[in-house]
Amino acid sequence: QVQLVESGGGLVQAGGSLRLSCAASGRTFSSNAMGWFRQAAGKEREFVSSINWNGGYTIYADSVKGRFTISRDHAKNTVYLQMDGLKPEDTAVYYCAASLIYGGASFVSAAQDEYAYWGQGTQVTVSS
């Protein structure tokens with residue numbers, strides 16, 4: 001059974017940092033793009049960041065660019081999201097996702113429908 005399990009969420013003051021982890025089990029995603037999305041209360045889920053299979057290509061939502069960093073560790077089958085300079089508007093449930101699409105070596109995606117597997121989410125709350 002394939003599972004993505006997020007961890008690392010919590011309550012932090014504005015300006016603080018958190019590092020989210022997404023550990024995959026049941027299969028390896030070392031050849032696949034991975035992504036992070038988030039959903040704030042009362043809002044639709046939105047794209048945060050994506051990373052290609054080897055970590056050489058990354059994309060970010062404009063709202064997090066320069067503050068968040070996505071990375072991955074193939075040996076641990078884990079993807080990370082380092083979040084610095086957190087703002088109250090970053091408060092949301094954060095989800096990681098794995099794509100099964102082969103779009104070339106540099107494939108990354110902000111499109112939710114291009115991800116086949118999703119984690120259960122981890123809550124991030126940023127206080128002002």
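Visitor: Is Arg38 buried or exposed?

Guide: A word on the source: this is a predicted model, where local features need pLDDT of at least 70, side-chain atom pairs count only at pLDDT 80 or more, and totals for chains, interfaces and linings use all residues. Residues are numbered from 1 along each chain as its sequence is written, and side-chain values use heavy atoms, with hydrogens and water left out. Buried means under 20% relative accessible area, exposed over 50%, and partly exposed in between (1.4 Å probe, protein chains only). Because the relative accessibility of Arg38 is 6%, this residue counts as buried.

Visitor: Which residues are linked with Arg38 in a network of salt bridges?

Guide: Side chains of opposite charge can pair when their charged atoms come close. The rule for a salt bridge is a side-chain nitrogen of Lys or Arg within 4 Å of a carboxyl oxygen of Asp or Glu. Arg38 meets Glu46 at 2.7 Å, N to O, and Asp90 at 2.9 Å, N to O. The network joins Arg38 with Glu46, Arg67 and Asp90.

Visitor: Is Glu46 buried, partly exposed or exposed?

Guide: The relative accessible area of Glu46 is 36%. That value lies between the 20% and 50% limits, so Glu46 is partly exposed.

Visitor: How many residues apart are Asp90 and Arg38?

Guide: Strands here (E, at least two residues) are DSSP runs, numbered from the N terminus, as are helices (H or I, at least four). Asp90 and Arg38 form a salt bridge. Asp90 is in the loop between S8 and strand S9 (92-98), and Arg38 is in strand S4 (residues 34-39), a separation of 52 residues.

Visitor: Which parts of the chain does the salt bridge of Asp90 with Arg67 tie together?

Guide: The closest N and O atoms of Asp90 and Arg67 are 2.7 Å apart. Both residues are buried, with Asp90 at 1% relative accessibility. Their positions are 23 residues apart in sequence, so the pair ties together the loop between S8 and S9 and the loop between strand S6 (58-60) and S7.

Visitor: What is the bridge partner of Ile70 in S8?

Guide: Ile70 is on the covered face of strand S7 (residues 68-73), along with Phe68 and Arg72. Two strands pair if DSSP finds at least two bridges between them, and S7 pairs with strand S8 (residues 78-83) in the antiparallel sense over six bridges. In their hairpin, four residues sit between the strands, and Asn77 takes a positive phi near 50°. The partner of Ile70 in S8 is Leu81.

Visitor: How many helices and strands does the chain have?

Guide: Along the sequence the pattern is β-β-β-β-β-β-β-β-β-β-β. The C-alpha trace spans about 40 × 30 × 30 Å along its principal axes. The count is zero helices and eleven strands.
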